[in-house]
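Thanks for coming. I have one structure to show today, and I will go from the overall layout to a few details.

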Amino acid sequence: MRLSLRLGSSGVLRAFPVKTSKNYRWLRGIHRYWILQAEIVWLLLFIAAFALAPTLALFDAEHLVGWTFGGLLVASFLAAVIQHFFFYRAIRCPKCGYNPTRHKDGTNLPRKTALKRLAEMDSCPSCKAHRDV
Ligand SMILES: [Zn+2]
């Protein structure tokens, strides 16, 4: 992926990927790209549960293993549920309310299909808006 440097809307110099067919341009434009990035939170918590519990056992803290493992798994599950909620509810066109992650009948698109659609969107297919208006 090639990067170019541009001044962001806040005047801060940031690296933007050069336009390709898959760069979530619309999603970045409406400032909701962080919802995809937030997926790392539950994944890190999940990995930490399996890494930290045996580490505690090694350091004679067996009484903490259950709580640590359970707590991190519950936190990971909650983070995944919250991320899922934001993915299907908070990605909307700020101008017309169009939600590209859901079918017209209100059911969720399969995640892979929704991600492919988001990756290729340059503007809102409903009102043609490019970003926050
Ligand atoms: Zn729209």
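Predicted model: local features only at pLDDT ≥ 70, side-chain atom pairs only at ≥ 80, totals over all residues.

The protein chain has 5 helices and 2 strands. Starting at the N terminus, the order is β-β-α-α-α-α-α. The chain has 133 residues, and 9% of them count as buried. If we take contacts between residues at least 6 apart in sequence, 55% join residues at least 24 apart.

Now the core. Which residues make up the largest nonpolar core? There are 8 residues in all: W26, L27, I35, F87, I91, C93, L118 and C124. As background, nonpolar side chains in soluble globular proteins tend to be buried together. L27, as you saw, is itself listed in the core.

Next, the helices. Helix α3 covers residues 39–58, which is 20 residues. From first C-alpha to last it reaches 30 Å, close to the 28 Å expected at 1.5 Å a residue. Where does α3 bend? The bend is at A48, and it is about 25 degrees. Just after α3, D60 has a positive phi of about 55 degrees.

How do α3 and α4 sit relative to each other? Two packed helices are described by the angle between their axes and the distance between the axes. Here the axes of α3 and α4 come within 8 Å and cross at roughly 175 degrees. Angles over 145 degrees count as roughly antiparallel, and α3 and α4 are therefore roughly antiparallel to each other. On the α3 side, the residues that meet α4 include W42, L45, F46, A49 and L52. A48, the site of the bend, is also among them. From α4, the residues meeting α3 include V65, F69, L72, L73 and A80.

Last, a loop residue. Y98 is found in the loop between α4, residues 62–89, and α5, residues 111–120. Is Y98 buried, exposed or partly exposed? Y98 has 15 C-beta neighbours inside 10 Å, so it counts as partly exposed; the cut-off for buried is 20 or more. Setting aside residues up to four places away in sequence, Y98 touches R92, C93, C124, S126 and C127. Of these, C93 and C124 are listed in the largest nonpolar core. Y98 and C127 are 29 residues apart along the chain, and their C-alpha atoms are separated by 8.4 Å.

That is what I have; questions are welcome.

Technical notes:
Residues numbered from 1 in each chain as written. Helix = DSSP H or I, 4+ residues; strand = E, 2+ residues; numbered from the N terminus. Expected span 1.5 Å × (residues − 1). Bend = angle between axes of the 7 residues up to and from the residue. Buried ≥ 20, exposed ≤ 12 C-beta atoms within 10 Å, placed from the backbone. Contact = placed C-beta atoms within 7 Å. Core = buried A, V, L, I, M, F, W, Y, C linked by C-beta atoms within 7 Å. Axes fitted to C-alpha atoms, helices over the stretch in contact; angles between N-to-C directions. Parallel < 35°, antiparallel > 145°, perpendicular 65-115°, else oblique.
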